[in-house]
Amino acid sequence: MRPDVPTRPPSPTDELYLALRRAYDFFNDRLFGGCLPPAMITLERGTAMGYLSPKRFARRNRPTEIISELALNAGFFGSQPVAEILSTMVHEQPHLWQEVHGKPSQRHHNAEWANKMESLGLIPSSTGYIGGLRHGDTVSHYIRRGGRFDLAWQELV
């Protein structure tokens with residue numbers, strides 16, 4: 001930073017995106033052993049709590065480096081517990097893991113993705129509750145109490 005440019009306190013935007021980046025990096029380290037590439041975290045509004053859009057952006061200064069988008073629905077931030085918001089981020093990370101290390105398929109939530117989710121302590125469910133289908137086009141999840149994600153998010157916050 002140039003010495004003649006005054007510094008300002010972080011803006012609300014800076015604070016939020018820094019917290020989201022820290023959470024992404026924390027879960028990448030704790031739950032994925034640091035194997036996930038960086039993602040562009042965006043805030044959206046709509047009906048889904050979040051989504052992953054693979055290979056969505058090219059970096060201006062490195063156009064051959066293609067970055068995936070991990071979008072979170074900011075409309076839920078005020079009404080959902082922190083664990084649910086963070087679990088949405090982690091729900092999307094296995095999609096990115098699958099793009100890089102697995103075998104993505106036409107079906108967005110397939111068995112490989114479901115197995116990865118379960119290994120993280122997020123249980124795939126088409127209803128968001130016990131007994132829902134574990135893969136398909138529209139799949140949510142619930143948190144396994146005492147599972148890896150449950151312990152990790154509590155450590156983070």
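Select arginine 134: this residue is partly exposed, with a relative accessible area of 27%. Partly exposed falls between buried (under 20% relative accessible area) and exposed (over 50%), using a 1.4 Å probe and protein chains only.

The model is predicted: local features need pLDDT of at least 70, side-chain atom pairs count only at pLDDT 80 or more, and totals for chains, interfaces and linings use all residues. Residues are numbered from 1 along each chain as its sequence is written, and side-chain values use heavy atoms, with hydrogens and water left out.

Arginine 134 sits in the loop between strand S4 (122-125) and strand S5 (140-143), and glutamate 118 in helix H3 (residues 111-120), so the pair ties together parts 16 residues apart in sequence. Helices (H or I, at least four residues) and strands (E, at least two) are DSSP runs, numbered from the N terminus. Glutamate 118 is partly exposed at 27% relative accessibility.

Next, select glutamate 69 and arginine 56. Their side chains form a salt bridge, 3.4 Å from N to O. Glutamate 69 lies in strand S3 (residues 66-73) and arginine 56 in strand S2 (residues 50-58), so this pair links parts 13 residues apart in sequence. Glutamate 69 is buried, at 3%; arginine 56 is partly exposed, at 48%.

Last, show Arg59, Arg62 and Glu65. A network of salt bridges links them. Between glutamate 65 and arginine 62, the closest N and O atoms are 2.9 Å apart. The count comes to seven salt bridges.

Key:
Salt bridge = Lys/Arg side-chain N within 4 Å of Asp/Glu carboxyl O.
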